Amino acid sequence: MNRVLLDPTSERSPAQRERLPRLDTLEGKTVGLLDISKPRGDIFLNRLQLELEKRGARVERFSKPTFTKPAPVDLRHDIATRCDAVIEALAD
Amino acid sequence: MASLPPLPEGLVAFVKRDCPTCLLVEPVLVQLAKQAPLTVFSQDDPEFPDGLDSVDDTSLEKSWHHQIETVPTLLRVKDGVEVERRQGWHRKEWEATSGIDGLGPGLPEYRPGCGSLSVDPNLSSELAVRFGASTLRSRRVELAEAEDEMEAMFDRGWSDGLPLVAPTEARVLAMLEGTTRSADETVAVVPPDLVDCTVEKVAINAVMAGCKPEYLPVVIAAIEAACTDEFNMHGLLATTMPAGPVIIVNGPIRRRIGMNSGKNVFGQDNRANSTIGRALQLVIRNVGGGRPGDVDRAAHGNPGKLSFCFAEDEEGSPWEPLSVTLGKDAGVDTVTLFAGEGPRCIVDQLSRDPDSLARSFAVNLRTLHHPKLALAFDCMLAIGPEHSRIFRQAGWSKQRLLDRLGELLQIPGSELVRGADGIAEGLPAGVKGATLPKFLPGGLLLVHCGGGAGLFSAMIGGWVRGSMGSQPVIQEIRP
């Protein structure tokens with residue numbers, strides 16, 4: 001008895017989603033920098049932008065309305081359609 | 001659904017020995033068997049009725065499939081199809097169905113039957129599983145022979161740290177009896193993974209939490225409220241602050257499901273209080289994927305994150321309930337979700353006039369999270385009966401108390417600025433010349449609860465208020 005249980009989870013496939021292939025060059029690529037709106041994230045990202053541009057990348061800046069909530073769907077879509085890669089600055 | 005097991009031709013009766021009407025009609029069945037093809041299915045004792053060769057239906061398979069609700073039931077079957085059904089003993093009906101007159105001489109004309117074992121509430125969920133009627137969609141997790149059930153659930157990461165009730169199909173089906181909603185209905189999109197959560201998934205987690213079926217509508221309403229943008233469960237998980245969801249229940253359902261609003265209201269012991277909040281947290285954990293150390297980044301957390309759920313003492317309160325303050329009609333069943341930390345006691349055993357007691361509340365409320373921080377946090381003030389009595393006797397309304405607390409909690413900016421009192425924490429220097437309220441309008445909520453002895457109240461500190469934090473959310477409880 002009681003040997004079969006019902007799965008209480010979201011049953012997401014245990015297989016990891018495959019990552020996109022790593023960029024082989026930054027030259028001419030668009031890199032998004034996502035600021036989650038925590039203090040001083042911009043300082044970190046400004047520095048990253050300089051380094052990326054030195055390597056020939058074009059940089060687009062994005063920011064979440066607030067760090068306490070997930071990025072809105074439109075923002076995620078915007079980043080996905082405009083960028084080849086994205087870097088997120090997590091916290092202060 | 002399995003195919004219907006066929007019935008024999010002629011007359012078919014379903015009986016059980018543990019039914020006075022079945023005992024009464026025993027001679028009628030014997031009489032019928034002599035004059036017509038009759039098959040008797042016995043639900044509890046294959047030797048019953050005496051003198052007849054009855055068919056053993058102690059598995060209740062035939063009774064369940066043919067939806068027998070009452071015993072005795074007399075059927076007439078023609079060409080494999082049921083054409084007539086009589087429930088209980090009624091001489092004229094039985095004579096009409098059997099085509100035999102003079103049944104049961106000396107018996108009363110009519111006797112109602114008893115409940116069929118196949119619809120016994122203690123058995124019906126097991127039977128539905130056994131006979132394949134379950135429509136549940138969740139993945140089946142089959143445990144290995146040597147696996148301990150309790151350990152298996154811990155191993156799979158389903159537990160909040162305490163033992164769980166195993167979510168078997170029968171228990172989940174029984175849990176679903178607690179709501180009129182269908183199992184596949186979506187309740188909410190649960191953060192942080194933003195997963196559609198069905199009533200079925202809620203029921204599974206409610207079983208694991210130890211809920212009774214009658215708590216399920218409260219759990220569902222709590223999940224609906226928690227998963228709104230205003231309540232911001234995602235942020236509440238992700239914050240390093242200790243707050244978690246606090247559930248306050250209003251309306252008649254509090255009494256119907258036996259919730260505690262009195263002694264030890266925030267403590268252990270009451271099953272509904274302890275398991276409803278736990279069920280919400282298990283849904284966040286298991287369906288939403290919100291686990292401590294992952295998205296839940298609390299530095300300290302608080303013990304209420306296992307379950308923090310209580311009822312308001314509406315009957316003993318001098319004021320309208322919280323749900324009415326938040327805009328619902330009196331008598332409507334609601335849950336209010338508040339993002340709060342653990343409760344902290346406010347002692348005042350000497351105040352006998354309302355202004356003195358309000359001042360006591362204010363000096364304590366001033367310290368919420370830090371005496372030098374203002375505007376940023378909400379608070380729920382839980383007023384005990386011995387304190388509320390002082391306001392009742394003085395004729396103070398809830399609003400009057402809130403207004404007075406608002407006056408007492410106007411703080412000179414000079415006391416709040418960074419560096420004041422030799423403490424770096426505080427507000428920016430720009431507020432120095434201003435006067436600031438500790439709480440923004442609506443940021444202080446009053447609820448009435450606690451035991452009848454003890455001149456105490458309690459404050460439950462909130463998380464960050466407003467659109468980037470959490471706002472209290474009230475939700476009606478639907479059956």
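Biologist: In which sense do strand β2 (residues 38-42) of chain B and β3(B) pair?

Modeller: The model is a predicted one. In it, F41(B) has V55(B) of β3(B) as its bridge partner. Strands β2(B) and β3(B) are joined over 2 bridges, and the sense of their pairing is parallel.

Biologist: In what order do the 5 strands of the open sheet in chain B stand?

Modeller: The pairing within this open sheet is mixed. Its edge strands are β3 (55-56) and β6 of chain B, each of which pairs on one side only.

Biologist: Which residue in the turn between β5(B) and β6(B) has a positive phi?

Modeller: Strand β5 (residues 73-78) and strand β6 (residues 81-87) of chain B run antiparallel and are joined by 6 bridges. Within this pair, L74(B) stands opposite R86(B). The two strands form a hairpin with 2 residues between them, and the turn residue with a positive phi, about 50°, is D79(B).

Biologist: How far apart are the centres of domain 1 and domain 2 of chain B?

Modeller: Domain 1 of chain B covers 10-116, while domain 2 is made of 151-416 + 431-476. Taken over C-alpha atoms, the separation of their centres is 55 Å.

Biologist: Is chain B a compact globule or more spread out?

Modeller: Chain B comprises 17 helices and 21 strands. For its 479 residues the globule rule gives 23 Å, and the radius of gyration of 31 Å is well over that value. Along the principal axes, the C-alpha trace spans about 105 × 55 × 35 Å. Because its radius of gyration is well over the rule, chain B is more spread out than a compact globule.

Biologist: What percentage of the contacts in chain B between residues at least 6 apart in sequence join residues at least 24 apart?

Modeller: As background, 46% of the 479 residues of chain B count as buried. Among the contacts in question, the share that joins residues at least 24 apart is 74%.

Biologist: Why are the buried residues of helix α16(B) on the same side of the helix?

Modeller: The buried residues of α16 (398-408) of chain B are K398(B), L401(B) and L405(B). They lie on the same side of α16(B) because the arc they cover around the axis is only 65°. An α-helix has 3.6 residues a turn, so residues three or four places apart point the same way. On the other side of α16(B), the exposed residues are Q399(B) and E407(B).

Biologist: Against which elements do the buried residues of α16(B) pack?

Modeller: The residues concerned are K398(B), L401(B) and L405(B). Their packing partners, in chain B, are α13 (322-325), α14 (354-366), α15 (385-394) and β19 (444-448).

Biologist: Which element gives the most to the side of chain B that touches chain A?

Modeller: On this side, 31 residues of chain B are in contact with 14 residues of chain A. The elements that give two or more residues are β10 (140-142), α7 (169-176), α8 (199-209), α10 (233-238) and α12 (271-286) of chain B. With 4 residues, the element that gives the most is α8(B).

Biologist: Which residue of β10(B) is the bridge partner of L5(A)?

Modeller: Strand β1 (residues 4-6) of chain A and β10(B) run antiparallel and are joined by 3 bridges. In β10(B), the partner of L5(A) is V141(B).

Definitions and conventions
Residues are numbered from 1 along each chain as its sequence is written. Chains are lettered from A and ligands numbered from 1 in the order in which they are written. This is a predicted model: local features need pLDDT of at least 70, side-chain atom pairs count only at pLDDT 80 or more; totals for chains, interfaces and linings use all residues. A residue is buried if 20 or more other C-beta atoms lie within 10 Å of its own, exposed if 12 or fewer, and partly exposed in between; C-beta atoms are placed from the backbone. The arc is that of the directions from the helix axis to the C-beta atoms. Two residues are in contact if their C-beta atoms, placed from the backbone, lie within 7 Å. Two strands pair if DSSP finds at least two bridges between them. Domain bounds come from an automatic or database domain assignment. The radius of gyration is taken over C-alpha atoms; the globule rule is 2.2 Å times the number of residues to the power 0.38.
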